[in-house]
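Please consult the sequence and coordinates alongside the text.

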Amino acid sequence: MKVLVTGGAGYIGSHVVRQLGEAGYDVVVYDNLSTGYKWAVTHGELVVGDLADVDALAALFSAHTFDGVLHFAANIVVPESVENPLKYYSNNTRNTLNLLMQVQAHRVPHMVFSSTAAVYGMPELKVISESALLSPINPYGASKMMSERMITDLAAASGLKYTILRYFNVAGADVEGRIGQATPEATHLIKVACECATGQREGMKVFGTDYDTRDGTCIRDYIHVDDLASAHIKALEHMANGGGSNILNCGYGRGFTVTEVIDVVKRVSGVDFPVELTGRREGDPDALMADNALIKGTLSWEPQFDDLELIVRSALEWEKKWLAKRSA
Ligand SMILES: NC(=O)c1ccc[n+]([C@@H]2O[C@H](COP(=O)([O-])OP(=O)(O)OC[C@H]3O[C@@H](n4cnc5c(N)ncnc54)[C@H](O)[C@@H]3O)[C@@H](O)[C@H]2O)c1
Ligand SMILES: O=c1ccn([C@@H]2O[C@H](COP(=O)(O)OP(=O)(O)O[C@H]3O[C@H](CO)[C@H](O)[C@H](O)[C@H]3O)[C@@H](O)[C@H]2O)c(=O)[nH]1
């Protein structure tokens, strides 16, 4: 199978590309390298281009016959989406439309889309199922919800089959340390804590200690990036073997508080970096955990790395390598 991976030079896309390559897929990555890296593309061909460039996209789809498209390319920083919403509607929503135009014109049969738990907004229940109300509270989540809708509408009107994966909190790195998260100015908790542990930041803040949780800090469902990556391969296989379209949560169904995560990073690294307890960050729900019964049942997806210490260890090992790579 020949597959197109948009955003395949980024953090999550590069882990999926590696698994696709190892599974024997013929991979073409399309990425503008705005937050991705050439070195992160370990398999297949990298075409450097922008999803906003409709002529380049048309040429790409004319040059290849794709059996599937995996669409990762996006902007992903929630506070930036609040300050500059049109950047998110342009790159995440309009550029998804550009891609779907080609998918339709070339009758690509299968699509896997990177969505997010941010489409649920501030859910009433802490463990969220796919049927929960979609009520994003920021432009990032809204831009993804609109993309989901375009995909499901196109599928209803054509032969396209889709798997929309709603990721919870993605973390960790390839356990063999070949690739990892190199996003500039990352805001994700585990990445930030690992930057502290490796001396790249002097300290960090805990945003809010008065939440309705066991220690007052927010609970999130941290999923190892390679378990998330394997869900994409399973999704492609499912559709290729005659399975239908699905919208599936990607998470382990359990959660850790911010304090618990920071404690694990300190213990695994052996570094006691400064942590300041501050007020709430706008828009953070108390707790977000995935009901993952549907993905397990539908794709026979079985996580291999459901272990916070392992997730942190892989992230930390990668952070050290990435630091050494930049200082070399
Ligand atoms: N990281 C998370 O915790 C998380 C959680 C939920 C959903 N997601 C989704 O997963 C996907 C991948 O996220 P990531 O964490 O790997 O981010 P990332 O920034 O590392 O990867 C995004 C990739 O897309 C590329 N890109 C961006 N705009 C492009 C454009 N217009 N044309 C071509 N390439 C473009 C970037 O260069 C980069 O390589 C995104 O769609 C994101 O919304 C991520
Ligand atoms: O320096 C930090 C960074 C984060 N946090 C806290 O740690 C928790 C996790 O925050 P992240 O920024 O790592 O992740 P979010 O839960 O805010 O969001 C992430 O997961 C979501 C899905 O659950 C979306 O996909 C979103 O795009 C992605 O950034 C939050 O309570 C946050 O307030 C801190 O206390 N200090």
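How do the residues of the shell around ligand 2 divide into nonpolar, polar and charged?

**Shell around ligand 2**

In this predicted model, the shell around ligand 2 divides into 14 nonpolar, four polar and four charged residues. In total, 22 residues surround the ligand, and the closest are Thr116, Ala117, Leu189, Phe207 and Cys218. Two elements give two or more residues to this shell, namely helix 6 (189-197) and strand 9 (204-207). Strand 9 gives the most, with four residues.

**Packing of helix 2 and helix 4**

Helix 2 (residues 54-63) packs with helix 4 (residues 85-105) at an angle of about 30°, and their axes are 10 Å apart. Angles under 35 degrees count as roughly parallel, and the two helices are therefore described as roughly parallel to each other. The crossing of helix 2 and helix 4 is right-handed.

On the helix 2 side, the contact involves Val54, Leu57, Ala58 and Phe61, which meet Asn98, Leu99 and Gln102 in helix 4. By class, this contact of helix 2 with helix 4 has five nonpolar and two polar residues, with no charged residues.

Definitions and conventions
Residues numbered from 1 in each chain as written. Chains lettered and ligands numbered in written order. Predicted model: local features only at pLDDT ≥ 70, side-chain atom pairs only at ≥ 80, totals over all residues. Axes fitted to C-alpha atoms, helices over the stretch in contact; angles between N-to-C directions. Parallel < 35°, antiparallel > 145°, perpendicular 65-115°, else oblique. Left-handed = near helix turned anticlockwise from the far one by under 90°. Contact = placed C-beta atoms within 7 Å. Nonpolar A, V, L, I, M, F, W, Y, C, P; charged D, E, K, R; others polar. Near = placed C-beta within 6 Å.
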